[in-house]
Amino acid sequence: MSEKTDKTEQQRLSVFKTYKLYVGGKFPRSESGRVYEVTDSKGNWLANAPQASRKDARDAVVAARKAFGAWSGATAYNRGQILYRVAEMLEGRRDQFVREVADAEGLSKSKAGAVVDATIDRWVWYAGWTDKIAQVVGGGNPVAGPYFNLSTPEPTGVVAVVAPQDSSFLGLVSVVAPVIATGNTAVVIASEKAPLPALSLGEVLATSDLPGGVVNVLSGRTAEIAAPLAAHQDVNAIDLAGADDVLAKELEIAAADNLKRVLRPQPVDYTETPGTDRMTAFLETKTVWHPTGALGASGSSY
């Protein structure tokens, strides 16, 4: 009986993971039905990743816009709680991400573990900023005349994010977390050559308290997906972190059609503690004037 059981165990086939897009809180396959092979640093096959189409990109924008009102209207404290919950979920799936990062970036298990730990810490770092950034970039302004003059930051809207190509997890979180921490929603294009950590992150977001549509993750050919996003009239800003110089120029031109905010690619060491630049890049400032000493005055805003 024991020999038969051992033989059965030896014949068991592994269950390969099916990776899917993450759009609107759901996991669709690409609308086109296409996939592409993802390999490790040595060229060994890892998985077939969905190859998103222009239609998938448009669907992701619709989902992000639908989620924007509730997410931007949530309290900063609540957003911080939700980001912290994401970090909790990542901690629980640490071993999985260590394997995926090691395969994606050709790292040893110990180095991949350090990357994953830094990524989890990065989520916590941004979670702590959600209810503090307004005090840093807003406040009362000194003006001449009997007025209160107050400036407060507000999220820009739907942000398209071209994730870094060579930092599949730490770099990814370093560009996505600041976008949503400040109340924006995101459509993320995962690293073309190493998309698996990003697609697995979608599973974590789905099982945390993050509302569907706040983050949408697409994988595939970066240039193919980024072009329609840059030109999309309902995308308010784009982060070109993972675009090369040629693609970045093309996308910046396309983004000019509706005056998107554009964060140009720049050399970044994602292991360093980030500043507030990526949060403030996608914030608008609303200034309110209100007369002093006049009860019932409604004031005006600009």
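These legends describe close-up views of a predicted model. Residues are numbered from 1 along each chain as its sequence is written, and side-chain values use heavy atoms, without hydrogens or water. Local features need pLDDT of at least 70 and side-chain atom pairs count only at pLDDT 80 or more, while totals for chains, interfaces and linings use all residues.

**View 1. K260, a buried lysine without a salt bridge.** K260 sits in the loop between α10 (245–255) and β9 (261–263). Helices (H or I, at least four residues) and strands (E, at least two) are DSSP runs, numbered from the N terminus. Buried means under 20% relative accessible area (1.4 Å probe, protein chains only). A salt bridge puts a side-chain nitrogen of Lys or Arg within 4 Å of a carboxyl oxygen of Asp or Glu. For K260, the nearest side chain of opposite charge is D257, 7.1 Å away; Lys and Arg count as positive, Asp and Glu as negative, and His and the chain ends are not counted. The K260 side chain instead reaches the backbone oxygen of A230 at 2.8 Å. A polar atom of that side chain also lies 2.7 Å from the backbone oxygen of H232. Beyond four places in sequence, K260 touches residues including L229, V235, N236 and A255; contact means heavy atoms within 4.5 Å.

**View 2. R79 in helix α3 (residues 76–92).** R79 is buried, with a relative accessible area of 8%. A polar atom of its side chain lies 3.2 Å from the backbone oxygen of A181. I180 is 101 residues away along the chain, yet the C-alpha atoms of R79 and I180 are separated by 8.4 Å. Leaving aside neighbours within four places in sequence, R79 is in contact with W71, S72, A74, T130, I180, A181, T182 and G183.

**View 3. Helix α8 (residues 196–206), largely enclosed.** Nine of the eleven residues of α8 are buried, so the rest of the structure largely encloses this helix. Among the buried residues are L196, P197, L201 and L205.

**View 4. W123 and the largest nonpolar core.** A nonpolar core is a set of buried Ala, Val, Leu, Ile, Met, Phe, Trp, Tyr and Cys residues joined through side-chain atoms within 4.5 Å. The largest one has 61 residues; L90, W123, I180 and V215 have the most contacts inside it. Helix α7 (residues 170–181) gives the most to this core, with nine residues. Not counting residues up to four places away in sequence, W123 touches L83, V86, A87, L90, V173, A177, I180, L201 and L205. Apart from this core lies another, of 27 residues, including V162, I189, I225 and A255.

Terms used:
Buried means under 20% relative accessible area, exposed over 50%, partly exposed in between (1.4 Å probe, protein chains only). A polar contact is a pair of N or O atoms within 3.5 Å; within protein, one must be able to donate a hydrogen and the other to accept it, and residues adjacent in sequence count only if both atoms are side-chain atoms.
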